[in-house]
Number of protein chains: 2
Amino acid sequence: MAQLYDRVALIGLGLIAGSMFHAIKRAGLAGEVVGYARSAETRDVAREIGLCDRVVDSAAEAVEGADLVMLCVPVGAMGAVAAEVAPALKQGALVSDVGSTKVAVIEAVAPHLPEGVHFIPAHPLAGTEQSGPRSGFAELFDNLWCLFTPLEGTDPDVLARYKSLWNGMGANVDEMDAPHHDLVLAVTSHTPHLIAYTMVGVADDLQRVTDSEVVKYSAAGFRDFTRIAASDPTMWRDVFLSNKEATLEILGRFTEELFALQRAIRTGDGDHLHDYFTRTRAVRRGIIDAGQDTDMPNFGRNAK
Amino acid sequence: MAQLYDRVALIGLGLIAGSMFHAIKRAGLAGEVVGYARSAETRDVAREIGLCDRVVDSAAEAVEGADLVMLCVPVGAMGAVAAEVAPALKQGALVSDVGSTKVAVIEAVAPHLPEGVHFIPAHPLAGTEQSGPRSGFAELFDNLWCLFTPLEGTDPDVLARYKSLWNGMGANVDEMDAPHHDLVLAVTSHTPHLIAYTMVGVADDLQRVTDSEVVKYSAAGFRDFTRIAASDPTMWRDVFLSNKEATLEILGRFTEELFALQRAIRTGDGDHLHDYFTRTRAVRRGIIDAGQDTDMPNFGRNAK
Ligand SMILES: NC(=O)c1ccc[n+]([C@@H]2O[C@H](COP(=O)([O-])OP(=O)(O)OC[C@H]3O[C@@H](n4cnc5c(N)ncnc54)[C@H](OP(=O)(O)O)[C@@H]3O)[C@@H](O)[C@H]2O)c1
Ligand SMILES: NC(=O)c1ccc[n+]([C@@H]2O[C@H](COP(=O)([O-])OP(=O)(O)OC[C@H]3O[C@@H](n4cnc5c(N)ncnc54)[C@H](OP(=O)(O)O)[C@@H]3O)[C@@H](O)[C@H]2O)c1
């Protein structure tokens, strides 16, 4: 693919930034990728493993002369980071972020950006349970989706070029408004994560079922939940605090349905259970047909 | 390994029976494996793909002369199947089952078995979201656990030989009493399944989030839930109906914790959320260290 940006700055060097770096290099999408992370430790690791062409010691230095500035920090830190880089941004530069919620990030970031700088919020729907500078890899975004929530008046050429970047990194792209994004993600991501965290917490708490039993016998289903519940605590704290309303709405729906199923169990209403469990199979089929998950049983765990 | 049984009968020819057949053959644990399933369709498929050395047309015929009779049907069908085979059982034979709940299966099966026949309930903690005669494979039980809930007075030699069978099929074995089994499984399997079914049902229901959005954007976490919620509806209906008490107890605990987290979101208590999400990471670590799941990110989905 053709080079799309002369210089890209990655602020925050974790899973998403690391994967972006590798994906950008795989396709030759940028001339130079400059990186910065808050801690000296992360910057040292990044230098050691060759994450970024150049790792610098301040956010302002990283964005100097950059055509594209990517904010890749937890959503609760986006505002402060935007304020920090704002004075050093190049005229005409594009600022974007990869935050998992969008309404709150727009509110936090937009006010800091100077005239003559573009802002297009983005969210790649791709991740793993791992984090930090060593966790990224070039294939993370392949065939998955990156959602844009452009503000009114976004320059179509700037948007088109930015879309090409994500396509070049392997992703499909789509647009929606920020509130709708936050609702969709409350369903497909935020509520499932909260539920998984809760279930693992409950299992961990139970006194009669010792840790070792929960661990030993986890292959009966529970282990899937523990993968999700091993995700970064800071990232997820910020997600829930910044997508309160939609998460609470979907949680309300979830609880309602759960109570109905609980009641069916209590009253022995096998038909209600069977009908419900039949309906949900079709969703899985759709996801596999759409290429959004492997069709191998157990996610291919048993493949040797 | 040495041959442990001259003739094994598999009643029900789905995921578990199919995997048992392949695992028995892999290690040469039985002289002959005879199979039977309720529907002519399943028996035809079994014959076509060579599932069992011999597929017969009645349960009574299958158990004739068998040293080990495995009941591999949904837990709600165990009693009727036991009644059906009882008159044809060989003296000294061992009857076992692979049902996901144990108290109810013991109550349903034990009364039908004649004097001189042994009964040892078992439950392999291994499965996939698939079912039917084509879904089994030899590696399913490898390094996972099979739990036995032997009744009082179980013959130690019969038990030892039966344990060797599961070891020979790749599993580790452990013993516990049936009520404790049902409680442990309510935590590590039954409640997680109910929750996953519920979440997928909620997503499927929402009118503003169309099917296609739920499917397209599933990689943000939701797709893991859909795998679990694609499991067989009949099997799971029977599990919940036959493990009511323990499931309802764990569901109560789950709801309590969920409400506490919901409240933390509503009140903006980030510390509570962060602490909770930190604690659950350790459980994942334990599961990986115990060899009960892959340590590859995303269950190795991204491995090509
Ligand atoms: N992980 C996912 O599944 C996923 C998917 C899509 C989008 N996202 C979003 O992508 C963003 C980054 O996530 P990630 O998974 O890449 O996280 P990560 O691996 O944990 O990396 C986070 C980076 O942000 C830095 N950081 C943390 N707190 C900060 C603060 N208060 N101020 C400045 N920098 C801070 C960290 O610096 P140090 O290393 O120096 O601590 C680290 O470099 C988040 O907004 C998240 O919501 C994540
Ligand atoms: N799947 C798992 O993850 C898992 C794990 C551990 C234990 N188990 C337990 O193992 C047992 C079998 O599960 P599976 O996954 O192997 O199921 P499966 O693949 O759905 O196969 C079930 C078998 O049982 C037969 N069957 C269904 N209803 C019956 C009835 N009312 N009377 C007689 N036979 C009937 C079916 O016959 P047709 O094919 O003719 O319909 C089929 O051969 C269940 O008790 C389950 O709780 C399952």
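In the predicted model, an oxygen atom of ligand 1 lies 2.8 Å from a backbone N or O atom of A:L13. A polar backbone atom of A:L15 is likewise placed 2.8 Å from an oxygen atom of ligand 1. A side chain also takes part: a polar side-chain atom of A:T42 is found 2.5 Å from an oxygen atom of this ligand. The surroundings of ligand 1 comprise 27 residues. A:T42 is listed among the closest of them, together with A:R38, A:S39, A:V73 and A:S100.

For ligand 2, the surrounding residues number 26, and the closest are B:R38, B:S39, B:T42, B:V73 and B:S100. Two of these residues approach the ligand through their side chains. An N or O atom in the side chain of B:R38 is 2.7 Å from an oxygen atom of ligand 2, and for the side chain of B:T42 the corresponding distance to a ligand oxygen is 2.5 Å. The backbone contributes as well, with an N or O atom of B:L13 located 2.8 Å from an oxygen atom of ligand 2.

Helix packing was examined next, beginning with chain A. Helix α7 (residues 178-205) of chain A and helix α10 (residues 233-242) of chain A cross at roughly 125°, their axes coming within 11 Å. Since angles over 145 degrees would be needed for a roughly antiparallel pair and 65 to 115 for a roughly perpendicular one, α7(A) is therefore oblique to α10(A). The crossing of α7(A) and α10(A) is left-handed. On the α7(A) side, the contact is formed by A:S189, A:H190, A:H193, A:L194 and A:Y197; α10(A) supplies A:W236, A:V239 and A:F240. By residue class, the contact of α7(A) with α10(A) contains five nonpolar and three polar residues, and no charged ones.

In chain B, helix α7 (residues 178-205) packs against helix α10 (residues 233-242) at an angle of about 125°, and the axes are 11 Å apart. The two helices, α7(B) and α10(B), are therefore oblique to each other, and their crossing is left-handed. The residues B:S189, B:H190, B:H193, B:L194 and B:Y197 of α7(B) meet B:W236, B:V239 and B:F240 of α10(B).

Helix α12 (residues 270-279) and helix α13 (residues 281-289) of chain B pack with their axes 4 Å apart, at an angle of about 5°. Because angles under 35 degrees count as roughly parallel, α12(B) is assigned as roughly parallel to α13(B). The contact joins B:F277, B:T278 and B:R279 of α12(B) to B:R281, B:A282 and B:V283 of α13(B). Two charged residues are present in the contact of α12(B) with α13(B), alongside three nonpolar residues and one polar residue.

Terms used:
Residues numbered from 1 in each chain as written. Chains lettered and ligands numbered in written order. Predicted model: local features only at pLDDT ≥ 70, side-chain atom pairs only at ≥ 80, totals over all residues. Heavy atoms only, no water. Axes fitted to C-alpha atoms, helices over the stretch in contact; angles between N-to-C directions. Left-handed = near helix turned anticlockwise from the far one by under 90°. Contact = heavy atoms within 4.5 Å. Near = heavy atom within 4 Å. Polar contact = N/O pair within 3.5 Å; in protein donor to acceptor, adjacent residues only side chain to side chain. Nonpolar A, V, L, I, M, F, W, Y, C, P; charged D, E, K, R; others polar.
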